[in-house]
Amino acid sequence: MFSLSACSSAPPRTFGKPETDAINQLIAQFTEAYNAKDSVKVSRLFTDGGAVLPPNASTVRGTENVRIYYDKRFTQGASDLSLEVQNVAGASGLAFAVGDYRLVMAPAGGESQRDRGKFIFILREINENWRLDQLMFSSDFAPGGPGTR
């Protein structure tokens, strides 16, 4: 006798406090590595194909290029990053975190300038660990910093 049975799939996993906590912990690790000017640790928080989409510049793709990007950023005097997460949400292994940032740009021999703006992280869960997949940020100030506005 031939019979058909309905295919059942597992219900989608809910996105709740454990996922939000894990993502907030990853963001704290990002901030800590950034403020330590550790481009290797920063880049390891990204997926292999991860990307940074900085303002007024080309997209940076891949772990090694992300490391090089942050090496340059730290050489340009980026420091004292603080991130204030406004919202974290997700489903099925993808998530986003949106918020505001503040940092200092203090180039060697130049005047220190404070920057503030907004960011969005797109995160991907890989082997039960959250990783940054895409990071986009933009300043609230015109190119050149707060003194140009």
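## A charged pair in a helix

Three residues apart, about one turn of the helix, glutamate 64 and arginine 67 both sit in helix H3. Helices (H or I, at least four residues) and strands (E, at least two) are DSSP runs here, numbered from the N terminus. The two side chains form a salt bridge, with the closest N and O atoms 2.5 Å apart; the term means a side-chain nitrogen of Lys or Arg within 4 Å of a carboxyl oxygen of Asp or Glu. Glutamate 64 counts as partly exposed, because its relative accessibility is 45% (buried is under 20% relative accessible area, exposed over 50%, partly exposed in between, with a 1.4 Å probe and protein chains only).

Please keep in mind that this is a predicted model, where local features need pLDDT of at least 70, side-chain atom pairs count only at pLDDT 80 or more, and totals for chains, interfaces and linings use all residues. Residues are numbered from 1 along each chain as its sequence is written, and side-chain values use heavy atoms, leaving out hydrogens and water.

Aspartate 71 is partly exposed, at 29% relative accessibility. Elsewhere, aspartate 133 pairs with arginine 124 in a salt bridge whose closest N and O atoms are 3.5 Å apart. Aspartate 133 is buried, with a relative accessible area of 10%, while arginine 124 is partly exposed at 34%. Salt bridges that share partners link Glu64, Arg67 and Asp71 into one network. The whole structure holds six salt bridges.

## The sheet and its helices

Now for the strands. An open sheet of six strands runs in the order S2-S1-S6-S5-S4-S3, with mixed pairing; two strands pair if DSSP finds at least two bridges between them. Its edge strands, each pairing on one side only, are S2 (60-61) and S3 (78-91). Strands S5 (residues 113-126) and S6 (residues 129-139) run antiparallel and are joined by ten bridges. Leucine 123 has leucine 132 in S6 as its bridge partner.

Helix H3 (residues 63-75) packs on the sheet, touching S1, S2, S3, S4 and S6; contact means heavy atoms within 4.5 Å.

## The nonpolar core

Which residues touch the most other members of the largest nonpolar core? They are Phe30, Phe46, Tyr70, Phe121 and Leu123, out of 30 residues. Such a core is a set of buried Ala, Val, Leu, Ile, Met, Phe, Trp, Tyr and Cys residues joined through side-chain atoms within 4.5 Å. H1 gives the most to this core, with six residues.

Terms used:
Axes are lines fitted to C-alpha atoms, for helices over the stretch in contact, and angles run from 0 to 180 degrees between N-to-C directions.
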